[in-house]
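The tour below goes from one selection to the next and says what is found at each stop.

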Amino acid sequence: MPADTAPVRVPARRPAARDTLSRRGGRTAPWVLMYHSVGECADDPYLITVSPDRLERQLTWLNRRGLTGVGMAELLRARAEGRGNRLVGLTFDDGYTDFVEHAVPLLRRYGHTATVFVLPGRLGGGNEWDELGPRKTLLTEEGIRAAAAAGMEIGSHGLVHQDLTETADEVLTDEVRGSRDRLQEITGAAPEGFCYPYGKVDARVVNAVLAAGYTYGCAVAAGPLTGTHALPRAYVGERDTDARLHLKRLRHLLLRRTLPYEAGHAALPYARGAAPGARDRAGTRPAEGPPVPPEPRGGQDGR
Ligand SMILES: [Zn+2]
C-alpha cells in the first residue's frame with residue numbers, strides 16, 4: 001500500500017529546556033525504541049504488536065516532550081555532529097507489511113521517521129519463526145521500496161530470521177553480507193544498519209557485520225559488546241502508556257549506559273578480538289532508578 005501522502009502535521013513542541021536530563025553527557029547510549037508489528041491483534045503471545053491508536057499516542061507523547069523519532073543512521077550522524085540531544089531512535093523489526101500500512105502514515109503525520117529492519121530472504125512471506133503466531137505478512141520488494149520512498153531507512157535483519165550465534169560461518173556470511181547485497185539491489189543503496197535476530201549477538205557475529213560494511217548494529221539488551229555495532233534498545237508495546245514511556249525514558253537517562261566505541265568507529269573492540277564475555281563500562285549493571293513494570297517476556301528477547 002502506498003505511503004500516506006497527506007501533509008505532515010507536526011504539533012507544537014515544548015521548549016527543549018524542559019527535558020533537562022538529556023543534556024547531561026554526550027557519550028551515553030542513545031534512546032532507541034524497538035517496535036515490531038503495528039495493527040489490531042487480540043492474540044499476541046510474543047507481544048510484538050502495537051495498535052495504530054497506541055502508536056499514535058506514543059508518537060504524540062514524543063512530540064509533547066520535544067523529542068523527534070528518527071532512523072538509526074540519522075540518529076548516529078546527528079550525535080557525531082553534536083546535535084542528537086532531542087532525537088530518539090525508532091526501529092521496527094522484521095519488516096511487516098503493516099509497517100507501510102499503519103506505521104508510515106502515523107510517523108509522517110507526526111513528523112518522525114524510523115528504520116525498518118527487513119528480511120530479503122522472506123520477501124512477501126511470513127513470520128514462521130514465531131511458532132505460536134499470530135501469522136503476519138512481510139514486505140515485498142515493492143513494499144520495501146515504498147517505505148524507502150516515504151523517507152524511512154531500510155536496514156537488514158538478515159535473510160530469513162535465524163539466531164546468527166548458532167550458524168556456521170558460511171551461513172553467517174550469507175545472512176549478513178548476502179542480505180546487504182540483496183537490499184542494495186532492491187533499493188539502490190546498501191543498508192547502513194543491521195539488526196540481530198532475537199537480539200542474539202556475540203563477537204563473531206559483530207565481526208561479520210563490521211566486515212560486511214555496516215556502520216551500526218542493533219541489539220536489544222546492553223552487554224559486554226555494547227557499542228555502535230551492538231546498540232541496546234528499549235522494547236515498546238501495546239501496554240506502554242504515557243506514564244510507562246516516561247518511566248522508561250527516566251530509567252534510560254538514570255542508567256546512563258555509555259557507548260565507549262561510538263566516535264569514529266576507530267576503537268571498536270571486536271576487530272581486535274575482544275573476548276566474548278569481557279566487560280566494558282556499559283556492562284550489564286543492575287537496574288536502578290524508578291521502578292518500571294517488568295517487560296513482558298516477548299519484549300525481552302527481540303523477536
Ligand atoms: Zn526479528
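Which residue in S7 is the bridge partner of Val118? Select both strands to find out: the bridge partner of Val118 in S7 is Ser156.

Before going on, note that this is a predicted model, in which local features need pLDDT of at least 70 and side-chain atom pairs count only at pLDDT 80 or more, while totals for chains, interfaces and linings use all residues. Residues are numbered from 1 along each chain as its sequence is written.

**The whole chain**

With everything displayed, the protein chain shows 8 helices and 10 strands, where helices (H or I, at least four residues) and strands (E, at least two) are DSSP runs numbered from the N terminus. Of its 303 residues, 43% count as buried; a residue is buried if 20 or more other C-beta atoms lie within 10 Å of its own, exposed if 12 or fewer, and partly exposed in between, with C-beta atoms placed from the backbone. Two residues are in contact if their C-beta atoms, placed from the backbone, lie within 7 Å, and among contacts between residues at least 6 apart in sequence, 72% join residues at least 24 apart.

**Strands S6 and S7**

Select residues 115-118 and 153-156. Strand S6 and strand S7 pair in the parallel sense over 4 bridges, pairing being assigned if DSSP finds at least two bridges between two strands. In a regular strand the side chains alternate between the two faces of the sheet. On S7, Glu153 and Gly155 lie on one side and Ile154 and Ser156 on the other, and all are buried, so that both faces of the strand are covered.

In the loop between S6 and H4, pick Gly133, which counts as partly exposed because it has 14 C-beta neighbours inside 10 Å. Gly133 and Tyr46 are 87 residues apart in sequence and 8.1 Å apart in space, C-alpha to C-alpha.

Within H3, select Ala103, which is buried, with 28 other C-beta atoms within 10 Å. Leaving aside neighbours within four places in sequence, Ala103 is in contact with Val38, Leu55 and Phe92.

**Strand S1 and its partners**

Finally, select residues 32-35, strand S1, where Val32 and Met34 point one way and Leu33 and Tyr35 the other way, and all are buried. S1 runs parallel to strand S5 (residues 87-93), joined by 4 bridges, and Leu33 has Leu90 as its bridge partner there. S1 also runs parallel to strand S10 (residues 234-235), joined by 2 bridges, and in S10 the bridge partner of Leu33 is Ala234.
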